[in-house]
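Student: Could you walk me through this structure, with the cut-offs spelled out as we go?
Tutor: Gladly; here it is, and we can begin with a single residue and its neighbours.

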Amino acid sequence: MDIRTEQTLSAHPFVLEDDRVYPIPIIADVGGFSPWILRREIKAGRGPVVTRLSVGRIGIRGRHWRQWLDSRAVVSGAAA
């Protein structure tokens, strides 16, 4: 495990609270994405459900993040 991974795990909980809204950088970091890639997926309609916090700010609820990750699961051997 590299230093960046250790810092990520210590800075963010393993279990995201379902109703809490997390900022994009934290969700991306926990999921192993860059914030840029996650924002691109959201803009293209392929990302998790977002919650608009203000005019220029969005976040993602823990449960929506988990649902999105579950929807991306594939059967072993079919991931190619």
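Student: What does T51 touch, not counting residues up to four places away in sequence?
Tutor: Leaving out residues up to four places away in sequence, T51 touches V21, R57, I58, G59 and R61, where contact means heavy atoms within 4.5 Å. Please keep in mind that this is a predicted model, in which local features need pLDDT of at least 70 and side-chain atom pairs count only at pLDDT 80 or more, while totals for chains, interfaces and linings use all residues. Residues are numbered from 1 along each chain as its sequence is written, and side-chain values use heavy atoms, with hydrogens and water left out.

Student: Where is T51 found, and is T51 buried or exposed?
Tutor: T51 is found in strand 2, residues 51-54; helices (H or I, at least four residues) and strands (E, at least two) are DSSP runs, numbered from the N terminus. T51 counts as buried because its relative accessibility is 18%, given that buried means under 20% relative accessible area, exposed over 50% and partly exposed in between, with a 1.4 Å probe and protein chains only.

Student: And I58, what's the place of that one?
Tutor: I58 sits in strand 3, and with 17% relative accessibility it counts as buried. Setting aside residues up to four places away in sequence, I58 touches I24, V50, T51, R52 and L53. The C-alpha atoms of I58 and Y22 are 8.7 Å apart in space, although the two residues are 36 apart in sequence.

Student: Which residues make up the largest nonpolar core?
Tutor: That core has 11 residues in all, namely L16, Y22, I24, I27, A28, L38, I42, I58, I60, W65 and W68; a nonpolar core is a set of buried Ala, Val, Leu, Ile, Met, Phe, Trp, Tyr and Cys residues joined through side-chain atoms within 4.5 Å. At least two residues of this core come from each of helix 2 (24-31), helix 3 (35-43), strand 3 (57-61) and helix 4 (62-71). Helix 2 gives the most, with 3 residues.

Student: How do helix 2 and helix 3 cross?
Tutor: Their axes come within 8 Å and cross at roughly 105°, the axes being lines fitted to C-alpha atoms, for helices over the stretch in contact, with angles running from 0 to 180 degrees between N-to-C directions. Helix 2 and helix 3 are therefore roughly perpendicular to each other, a label that covers 65 to 115 degrees, whereas angles under 35 count as roughly parallel, over 145 as roughly antiparallel and the rest as oblique. Helix 2 makes the contact through I24, P25, I27 and A28, and helix 3 through P35, L38, R39 and I42.

Student: New topic: where is R20 found?
Tutor: R20 is found in the loop between helix 1 (3-11) and strand 1 (21-23), and at 46% relative accessibility R20 counts as partly exposed. Not counting residues up to four places away in sequence, R20 touches I60, R61 and G62.

Student: What about H64, buried or exposed?
Tutor: H64, which lies in helix 4, counts as buried at 16% relative accessibility.

Student: And what pattern does the protein follow along the sequence?
Tutor: The pattern is α-β-α-α-β-β-α, which comes to 4 helices and 3 strands.
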